[in-house]
Amino acid sequence: GNGSLTQYKKELKELTEKCEDLRRKRRENPEDNELYSQFYKASSRKAELEKSIRETEKSILEMTRVMTENTDRGNLSPRQAAAYRALEQGDYSLALEILDFDEIMSDLSHNEDMTEGYIERIQININELLQRIEVLKADGIDKDEATEIKSIYQTIYERINKFNLDKSPLCDYASFLYDQNDYKSALTVATKLQYYYSDPECVVEEYDKAKLFNLFGIIYNKQNNFKEAEESHLAALEIRKRLAAKNPSAYEPNLAMSYNNLGNLYGDTNRYKEAEECHLEALEIRKRLAAKNPSAYEPNLAMSYNNLGNLYGDTNRYKEAEENYLAALEIRKRLAAKNPAAYEPDLATSYNNLGILYGDTNRYKEAEENYKAAYDIAKKYPNNTNCQQICETLKDMFED
């Protein structure tokens, strides 16, 4: 019943038919530049729609998950319930109107002026603000929306410090700051959450502890604080091992990610033996997961193959590097065939990595073929950072 999704799918169906018609006409008139221009525009719009459909479906599922959890706990305010009903219909504008920031802040200010018995109402206002953040994220974040999200998170941060409220939003706040490349602020918020978790009276789920340690690890790694990064990733790993032993299906994906993060850290610090051990552990887990649910876990499986390829290439184990790059390539070909907009940039990376490997081993014909494949894909995605780098590197070789 989601209005946006229905409209996207309708337009995608029409564009798919148009692209097929233009493709047929181009075969009949290969020199017609106007046909090429029309086909390129239609294909680009088709890729945008596929991305919008994927992101909308993901946001609907996440909204549904959060709504179900909140409903089960019985702590949805009337404002939140009304906003969720709007979201179910894909009406993000109405949801934001219902979750009006000024109205929520007015209620919050009123509740703060009351006695301690109103702490529960303050928590409801915080939950409403968190829901507004989720709506803003779900509909795509531009610069202005990122500024608003940061401001709302800061408001929540201040209330958590002032009142005895749920601390878990601080981890999401720190993750958001990390995604905005504000590593210093992310570390400040994460450290504050760690302080709360150290209180013996604070009941913290093991999953949340591991999530925080993992966040510390990636922040420290970005700041080249490798010792602290290792300690944090190892702490997350130990917790996730325990959780996965009790419930593999729920926690093995996170365990694989911890092994992956450690492998990348060890590779960055030239500890290649330890890096290989970690990446192989991640690979084995992801093989099992992908065998049961390919659509969910094959992208991460391809990532593990690619990471091993990089490691073996860096240590001159070229045969093993090629085997892993080819394994990643085959998976990404399948994924890109189903969803080009989502997976073609990764496919371009695989072709580029093979081009580098073949160039380093004097297999120049194969290097050129893979570089050309990487360039042809990458130039379709000028806003993707990896694709930009590939095009910049290869433009002199394949410039039209």
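Which residues of helix 15 are buried?

Analyst: The model is a predicted one, in which local features need pLDDT of at least 70 and side-chain atom pairs count only at pLDDT 80 or more, while totals for chains, interfaces and linings use all residues. Residues are numbered from 1 along each chain as its sequence is written, and side-chain values use heavy atoms, with hydrogens and water left out.

The buried residues of helix 15 are Ala-321, Glu-322, Asn-324, Tyr-325, Ala-328, Leu-329, Ile-331, Arg-332, Leu-335 and Ala-336. Buried means under 20% relative accessible area, exposed means over 50%, and partly exposed is in between (1.4 Å probe, protein chains only). Helices are DSSP runs of H or I with at least four residues, numbered from the N terminus. Among the elements covering these buried residues are helix 14 (294–314) and helix 16 (340–360), where contact means heavy atoms within 4.5 Å. Helix 15 itself runs over residues 318–338, 21 residues in total, and spans 30 Å from first to last C-alpha, close to the expected 30 Å. That expected span is 1.5 Å times one less than the number of residues.

Arg-317, in the loop between helix 14 and helix 15, forms a salt bridge with Glu-276, at 3.2 Å from N to O. A salt bridge here is a side-chain nitrogen of Lys or Arg within 4 Å of a carboxyl oxygen of Asp or Glu. Because Glu-276 belongs to helix 13 (residues 272–292), the pair ties together parts that are 41 residues apart in sequence. Glu-276 is buried at 17% relative accessible area, whereas Arg-317 is partly exposed at 29%.

Glu-50 pairs with Lys-46, their closest N and O atoms being 3.2 Å apart. These two residues are four apart in helix 2 (residues 33–73), so about one helical turn separates them. Both Glu-50 and Lys-46 are buried. In helix 18 (residues 385–398), Glu-392 and Lys-395 are three residues apart, again about one helical turn. Their side chains meet in a salt bridge of 3.5 Å, N to O. Glu-392 is exposed at 52% relative accessibility, and Lys-395 is partly exposed at 31%. Elsewhere, salt bridges with shared partners join Asp-21, Arg-24, Lys-25 and Glu-28 into one network.
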